[in-house]
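Welcome! Here is a short tour for anyone opening this structure for the first time. Please keep the viewer open as you read.

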Amino acid sequence: MDLTILGVLALTVIVAASVLAPKVGVAAPLVLVGAGVLLALVPGVPRIEPEPELILAGVLPPLLYAASVNMPAMDFRRDLRSIGWLSIVVVVSSALAIGWVVETFVPGLGFAEGVALGAIVSPTDAVATSIVKRTGVAPRLVTVLEGESMINDASALVLLRSAVAATGVSVSVLDVSVDFVVAIAVAAVVGLVVGAASVAVRARLHDATVNTAISFAVPFIAYAPAEHLGASGLVAVVTTGLVTGYWGPSVLRAQDRLAEAVNWRTVAFLLEGGVFLLMGLELGPLLDDFRSEDGDFGRLAVLSALCLGILLAVRGLYVVALLWSLLKARQGAGRTVEPRLNRVRDYLASDESSALPAHRLRRIHQMVTRREADLRFYEEERLDRRAGAVLVWAGMRGSVTLAAAQTLPTGFEQRELLILVAFTVAVSSLVLQGGTLAWVVRRLEVESDRREIDRQQLAALSQMLADVAASRCAEVADDGLDGRALEPVVLDQVQDDSHPERTTRWAGEGDDGVAQRLRDYVELRRAVLADQRDALIDARSSGRFDSENLNRMLRRVDAGDMAMDRLD
């Protein structure tokens, strides 16, 4: 079959699955895996065996960048403990447990080979978490699962590299630990540098097409040098995305960010669908290879079941420990953090604080507000036992597991068995956990109805923006715009106009002053929009509002900014 026809057919299947899956009540990733299996049976469809590097270096960097650039930094910071626990501790513990079981029960495989298999099947998948988002769980659960899947890919691949090396030479636990920490630290530094540099460069460009094109290169620019330095390219990509997502609203134009968001959503949609479709297409060749090697399907089934059971058991134990630690942290905050905050509040209310510079006072006030918001968040958005059960069941495997398995070197002990075990665990996880996750969420009553909270927060944000507009307009009414007094009709229109796409007939017709009024309106309106954007960014730092509600209001401000371009 011609590759062009195959590509068009794959694109058609991805789009069709995304449209039809909600109507039949099945997650699109599962539909795509099944479609891939069926498509592989069509006469003329070639054997699909992509190079693992294509997935690891060509697909994962843009997928992780797309996820991390949209990850609110505030949410990531608040749940960093949970994310770190699940993405590093659980991965390492799961790999070690599988290593011990493989060494004990599978003839011909040692501890290092077992740890390599454990590292392959331990990370949850960034693509697989797309199933979770459709179940209606609380945003905090989605944040933890997305953050975990962004980081644990890197930790698992670093561990896999060390385990493979340990099969040939003697490597101490200390050596592996040092390599692991260095790989993560170096990658984080690379990601910070690339993220800051890319934002600085893009802020100086004023062409949305060029800006978006540069953004497509950013994840690979972060990935390549980190890998060259022996660090984790995926951690570098995630760090770059977080930096870009945090600073982007402050320095990038609305046009650039909106164009980039649309294009990246399209890229992520196609890559996600393509990965699941590819998993289905690869099943046939994998089975053929295993059969040609006289593989034992009984051993395959037992080992796959053991791995999946260990993954769920270890994850369950650590989630219980995580929930206990979060409970203790919340109780400890009431005993230690609240008294410290009270002392800071008393100091700010005293005459002593007046001696501090204004910028330092502002920073202290912001710190107090943020900490108060954090405490309120941890109290109101608790991760209880039911949420913990969802965290355990939502830890699905996906494309990373299969890609990582295929990086095992040729000649690795029982390589075909390990690759097929990885595939079986990934697909079984998607079918078993992904197919029942929505039912589990409904059964545990973990759905989150946030309509009233959203309504209240959006109303508060709208009032804040209206106050910002009124403040700027009052200032211009007193001092003028660039030293010029404005006609009252301009001031009234800017202040009252919350929908900038309205007609501009208010400015009059056939009057010599129409053009000047419109120019004044655009200039003042842009100044108000800039103030409103700054106010939203400050509100983001305070932590008083949900990230999604802040993003909604920011999109409205961006739409107003873009509307001004049509009036210039």
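The model you see is predicted, and its protein chain averages a pLDDT of 82. A score of at least 70 is reached by 93% of the residues.

**Confidence along the chain**

- Among the elements of the protein chain, helix α10 (residues 208-228) has the highest mean pLDDT, at 91.
- The lowest mean among these elements, 72, belongs to helix α7 (residues 130-133).
- Residues 498-505 call for some care, as pLDDT stays under 50 there. For this stretch the model has ten contacts beyond four places in sequence.

**Helix α11**

- Helix α11 covers residues 233-251, which makes 19 residues. At 1.5 Å a residue the helix should span 27 Å, and its end C-alpha atoms, 26 Å apart, agree with that.
- Where does α11 bend? Look at Gly245: the bend there is about 30 degrees, and a proline, Pro249, follows within four residues.
- Most of α11 is covered, with 14 of its 19 residues buried.

- In general, side chains of opposite charge can pair when their charged atoms come close.
- The structure holds 17 salt bridges. One of them joins the side chains of Asp79 and Arg140, with 2.9 Å from N to O.
- This pair links distant parts of the chain, 61 residues apart: Asp79 sits in the loop between α4 (73-78) and α5 (80-105), while Arg140 belongs to helix α8 (residues 139-166).
- Are these two partners buried or exposed? Asp79 counts as buried because its relative accessibility is 2%, and Arg140 is buried too, with a relative accessible area of 6%.

**Salt bridges around Glu379**

- Glu379 forms a salt bridge with Arg330, and their closest N and O atoms are 4.0 Å apart.
- Glu379 lies in helix α14 (residues 358-380) and Arg330 in helix α13 (residues 297-349), so this pair ties together parts that are 49 residues apart in sequence.
- Glu379 also forms a salt bridge with Arg382, where the closest N and O atoms are 2.0 Å apart.
- With a relative accessible area of 39%, Glu379 is partly exposed. Arg382 counts as partly exposed as well, at 44% relative accessibility.

**A network to finish with**

- Which residues are linked in a network of salt bridges? Find Arg77, Arg78, Arg371 and Asp374, which are linked in this way.

Terms used: Residues are numbered from 1 along each chain as its sequence is written. This is a predicted model: local features need pLDDT of at least 70, side-chain atom pairs count only at pLDDT 80 or more; totals for chains, interfaces and linings use all residues. Side-chain values use heavy atoms; hydrogens and water are left out. Helices (H or I, at least four residues) and strands (E, at least two) are DSSP runs, numbered from the N terminus. The expected span of a helix is 1.5 Å times one less than its number of residues. The bend at a residue is the angle between axes fitted to the seven residues ending there and the seven starting there. Buried means under 20% relative accessible area, exposed over 50%, partly exposed in between (1.4 Å probe, protein chains only). pLDDT is the predictor's confidence in each residue, from 0 to 100. Contact means heavy atoms within 4.5 Å.
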